[in-house]
Amino acid sequence: MDKQIQKKELKPDYKRIYNDLIDRKYPEKREEFKSLLEKDALSVLDVIKLNQKIFGKASHVILNQRHRSYDKKAVLQILDYQKKNKLNNNQVALEFKMSRNTIAKWKKIFM
């Protein structure tokens, strides 16, 4: 039984968190976020978009980058975004607030 619990990945329920946040603090913005919040599950990139829309790019909330995690799907989406927009590692790193070395490492692993 313990092995089954360990295999199951525990993730925060971002959809519920952001629904509650919008309902309590920003009910007037509900329509703006409707398309994102109607998804079955929010991806890492969806969470980043929601956070930027709610708090703005220069948010007063300082996030510690060490605590961010990206799944394989999100990494591939970020690398695809880079390719589509013809950006270098530094530009992508600035856009997603991460290290350019992280982008380079991902490119070595996934491309």
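Tutor: The largest nonpolar core has 13 residues, and Tyr70, Ile78, Phe96, Met98, Ile103 and Trp106 have the most contacts inside it. Helices H4 (44-55), H5 (72-85), H6 (89-96) and H7 (100-110) each supply at least two of its residues, with H5 giving the most, four. This is a predicted model, where local features need pLDDT of at least 70 and side-chain atom pairs pLDDT 80 or more, while totals for chains, interfaces and linings use all residues. Residues are numbered from 1 along each chain as its sequence is written, and side-chain values use heavy atoms, leaving out hydrogens and water.

Student: What makes a set of residues a nonpolar core?
Tutor: Its members are buried Ala, Val, Leu, Ile, Met, Phe, Trp, Tyr or Cys residues, joined through side-chain atoms within 4.5 Å.

Student: Why is Asn19 called buried?
Tutor: Buried means under 20% relative accessible area, exposed over 50%, and partly exposed in between (1.4 Å probe, protein chains only). Asn19 has 19%, so Asn19 counts as buried.

Student: How do you know that the side chain of Asn19 makes a polar contact with the side chain of Arg30?
Tutor: A polar contact is a pair of N or O atoms within 3.5 Å, within protein one able to donate a hydrogen and the other to accept it; residues adjacent in sequence count only if both atoms are side-chain atoms. The two side chains are paired at 3.1 Å, so the distance qualifies.
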